[in-house]
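User: Can you walk me through this one? I'd like the contacts before anything else.

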Amino acid sequence: MVQIPKTRNTFCKSKQCRKHTPHKVSQYKVGKASLFAQGKRRYDRKQSGFGGQTKPIFHKKAKTTKKIVLRLECTKCKYKQQLALKRCKHFELSNEKKVKGQN
């Protein structure tokens, strides 16, 4: 179980700040895939007509977890950056910061 505080003091590399500022932390989510992306247009064109499935469909899924990506937003200048964490099964954004030695 990985618990991350909802606010974090970290370096902001935007031109306005360039110093450590409080950042709002949220979890990155993948957006809806666009129908007009070049790869999707190419795939749909190739799939149309007769001839069945033209490209391989991946079935041999080995991973059980995904890497967690944090989206950090500077509270001063609204600059957004992403930070990748390691793999974990359970991830949680907590309200209070954990102190070492206390349970």
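**Contacts, fold and charge**

Analyst: This is a predicted model. Of the contacts in the protein between residues at least 6 apart in sequence, 52% join residues at least 24 apart.

User: In which order do the elements run from the N terminus?

Analyst: The order is β-β-β-α-β-β-β. The protein is more spread out than a compact globule, because its radius of gyration is 20 Å, well over the 13 Å that the globule rule gives for 103 residues.

User: What box do the C-alpha atoms fill?

Analyst: Roughly 65 × 40 × 15 Å, along the principal axes.

User: And how much of the protein is buried?

Analyst: Buried residues account for 19% of the 103. The accessible surface is about 9200 Å², with 54% of that belonging to carbon and sulfur atoms.

User: Switching to charge. How many positive and negative side chains are there?

Analyst: There are 30 positive and 4 negative side chains. The centres of the two sets lie 10 Å apart.

User: Now S94. Where does it lie?

Analyst: S94 is in strand β6, which covers residues 91–94.

User: Is S94 buried or exposed, and why?

Analyst: S94 counts as buried, because its relative accessibility is 8% and the cut-off for buried is under 20%.

User: Which residues does S94 touch, leaving out those up to four places away in sequence?

Analyst: S94 touches Q3, I4, P5 and K6.

Definitions and conventions:
Residues numbered from 1 in each chain as written. Predicted model: local features only at pLDDT ≥ 70, side-chain atom pairs only at ≥ 80, totals over all residues. Heavy atoms only, no water. Helix = DSSP H or I, 4+ residues; strand = E, 2+ residues; numbered from the N terminus. Rg over C-alpha atoms; globule rule 2.2 N^0.38 Å. Buried < 20%, exposed > 50% of the residue type's maximum accessible area, 1.4 Å probe, protein only. Contact = heavy atoms within 4.5 Å. Areas by Shrake-Rupley, 256 points an atom, 1.4 Å probe, with all protein chains shown as cover. Lys, Arg positive; Asp, Glu negative; His and termini not counted. Charge placed at Lys NZ, Arg CZ, Asp CG, Glu CD.
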